[in-house]
Amino acid sequence: MTTDSEKINNQEGTSEGQNQSLGLSRRSLLKGAGIVGAAAVGSTAASTVMAQDSSSLMSASKPIAAREALEVLTAIEASTLEAFCDCLIPSDENGPGAKEARAVHYIDRSLASHNSSSRHNYMVGLSALNDYCNKTRNKQFSQLSKDLQNSILQAVQANKIEGFAPSAAGFFNMVRGHTIDGTFCDPYYGGNQNFVGWDMVRYPGIRLGASETDVAQGAQLRPNHQSAYDHSTYTKIASNIDTKIGTTGGGDHA
Amino acid sequence: MPKTLAKTDVVIVGMGAAGGVAALPLTNSGLKVIGLEAGGWLSPRDFAPDELRNSSRNWPQSMQKAATEAPTVRATAEDQANQGGHPMMNAVGGTTMHYWAQSWRLNPWDFNVVSATKERYGDHRLPAGTTVEDWPITYDDLEPYYEKVEVTVGISGQAGNVQGEINKEGNIFEGERKSEYPMAALRSSPFTDMMSAAAKKLDWNPFQGPAAITTELYDGRAPCQYHGFCNKGGCHVQAKSSTAVTSIPKAIDTGNLEVVTFARVTNIVTDNNGKVTGVDYIKGNETFFQPADAVLLASYAYENVRLLQLSKSRAFPNGLANNAGQVGRHYLTHHQGSPVMALFPKDLHNWYGLPAQGVAIDEWADDNFDHSDLDFIGGANLWVHTDRKPMSAAKMTTFGEVRSWGSDWKAFIMKNADRTNYAYIQKTTLPYENNYLDLDPVVKDPLGLPVTRITARYGDNEKRITAFSQEKMEQWYLEAGAIKIVKSPPGNAMGASTHAYGGTRMGDNSETNVVDRWGFAHEAPNLGILGASVMGTSGARNPTLTVQALSWRTAEYLANNWRSIVG
């Protein structure tokens, strides 16, 4: 299921032009990452899409407007963060960056789960960033030029702006770490969309085994573009479909 | 009042690396054993090849008992103690589920640091303030137990000294072994081959390190597939020789071991004569008293010490087995930090390596080299391994070439993600007078019980070994063609560590040690203590195999001397 919708996604992901005019966040929503990312985390919205008509999905030839909500961030926080992440890992002449990887989508979801203890610092930090931009430039961070954004972030990293939690530098480092996570993690978590992060560093992808020949090829090894959870043994329903590697007996481990 | 359960012969607190091994000789001898484990069972299906899950989400450790009782840490008694993380695992198999699985024997010198140093260099060479003692046993005493564990759980490696015959493919400095490893070492890789060649040019003796990982079909378990998610993850094919897939199932098969999961032990109970009578534990919302003729305490070093300190009674007003005031003393954590990082001008092909698939240099460890003109004793084992993952690659140092973000940074990591390596350098660490564990006066766990407070810092001896070993490591990397090197500075405070030692040290002198040479408390003879908390020195290598050999020895001694121990 995931693999099929991924194929669709990959196809749609290549039709850059038709979404270009819709603006960054809109575009990245429509790029269909929602289907893979959301389906993988079992989001209601995505399963609704699946349930409605999976056969039409398989043969889809135009973008599907999957329903996808922000889970934790507000709209302004998300657009601020989108601009922030784009400075950290830019989309540039060397190819896609945090934007295409959908790092913000990852962060938003992670703040509802394993990064929930960082929610407060995101709220405080992103508003401090916009407060500073409003005060000095009369605009939100996301509305400033890339050059200006970069120099402001340099000041944040150097701890020269106030109002952050726990500190400007601490906030910067936290966002940097989470942006890297969201760009290079397993796509299951809603980032590293279309494996752009793994391709960026020429990581050939997770494998359940690596032969000496595989290793010797290094980055020449063909990327397999698989999530860990494309392997059924690691999914919720695995006990029904794969008993080779799982526990014996299928019952209680004890 | 706790509900009193039917009496058993032995209760083991903790079914991890230590307790999971000890259960086997006990149950084999016919004793009835109940293993209380704070975590649950995990299966290969729980260990997906998922870097985020292992490294950032910290699954499943982040949800466990240990995470709610992480120790507080301070360097000295004058500092504020702050709570940090807890690196340990609550699960059947404990940390052997998610560790790197390097499985070393200590070198003979580690057992008699005091007498060997005095003999070779004079009394004045023992660092000021250290409380180090010779172990009450030697390497030769432990050798048969190392072998039992290596064969039973399945250790792969290349011997360097079998019955005096030196093999340069292995560690020429190791103590004499009676036999070869039961399995050949993990395979080398293009990177480790390159590092080995460089070491040989320096006239050093490189060798593949020993690992609790199968390299062939062993005891029904598949060989390692080299996919490389060992670090903080379990094995998807059960090639990692965790006690959960080796000694514990064997002990269960005897019919004499019952494992109770999600059991949180809160108190070791003693009678008025100071004899241990059993343990109290909480499971769900119920409290139970499990009576037993003997108790083996086999949680981690911090929890071993904390449980003793919490278990106050009429016979032991300052905590169990602590009338001499030694519980929590002689604490140390292995100095594993201060790595050396190297940048190479070509890809290293390390995407699929595992941390135990590495090459070691032992020339600069222990007393394997002349310290006459040096200002420290001991040394470091240099270790390079194959393990690269995309998130950690992106988080690497930029060697001062670019700032840590933006287009230049992106170009840097695109080029260099597979061109860096960091060395893992384990250094001799000694116990000191001012380093100890006690109960934190402020911070409590969810049950309202105080957590452990660590007061400890490294001494000059450790810092000098750090500087010395970093230079050797730099020399090795440069010989292999590295173009840039970064050396991390030595730390000060000894934070909570995966290599924590002492607190219930083993020794003949009951005034300075908690347990005797067999691992039983001087003050409570039917209480055995298992784990690195009984170890008085760290050596320059991972502790688990030594912990397991000692555990087997203590358990076997209990079975063989049952009547005299339980009375």
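If you skip its neighbours within four places in sequence, Val295(B) is in contact with Val11(B), Val13(B), Ile268(B), Val276(B), Gly278(B), Val279(B) and Leu527(B). Before I go on, keep in mind that this is a predicted model.

So what does Val295(B) belong to? It's one of the residues with the most contacts inside the largest nonpolar core, along with Ile12(B), Ala22(B) and Leu297(B). That core has 179 residues. And which helix gives the most to this core? That's α11 of chain B, residues 544-560, with eight residues.

Six strands make up an open sheet, and the order goes β8-β15-β16-β17-β14-β20, with antiparallel pairing. Out at the edges sit β8 (207-208) and β20 (484-487) of chain B, and each of those pairs on one side only. Just as a reminder, strands of a sheet pair through backbone hydrogen bonds, either parallel or antiparallel.

Let's zoom in on one pair. Strand β15, residues 358-361 of chain B, runs antiparallel to β16, residues 380-385 of chain B, and there are four bridges between them. If you want one to find on screen, look for Val359(B), whose bridge partner in β16(B) is Val384(B).

Now, what packs on this sheet? It's helix α10 of chain B, residues 460-479. That helix touches β14 (340-343), β15, β16, β17 (420-427) and β20 of chain B. As for how α10(B) lies, its direction makes about 145° with that of β17(B).

Alright, chain A. Looking at contacts in chain A with a separation of 6 or more, 57% come from residues 24 or more positions apart.

Last bit: where the two chains meet. Chain A puts 44 residues into the contact and chain B puts in 39. Which elements of chain A give two or more residues to the side that touches chain B? Those are α6 (75-88), α11 (168-184), α12 (196-200) and α13 (212-217) of chain A. By type, the residues on that side of chain A split into 25 nonpolar, eleven polar and eight charged.

Conventions: Residues numbered from 1 in each chain as written. Chains lettered and ligands numbered in written order. Predicted model: local features only at pLDDT ≥ 70, side-chain atom pairs only at ≥ 80, totals over all residues. Contact = placed C-beta atoms within 7 Å. Nonpolar A, V, L, I, M, F, W, Y, C, P; charged D, E, K, R; others polar. Pairing = 2+ DSSP bridges. Axes fitted to C-alpha atoms, helices over the stretch in contact; angles between N-to-C directions. Core = buried A, V, L, I, M, F, W, Y, C linked by C-beta atoms within 7 Å. Buried ≥ 20, exposed ≤ 12 C-beta atoms within 10 Å, placed from the backbone.
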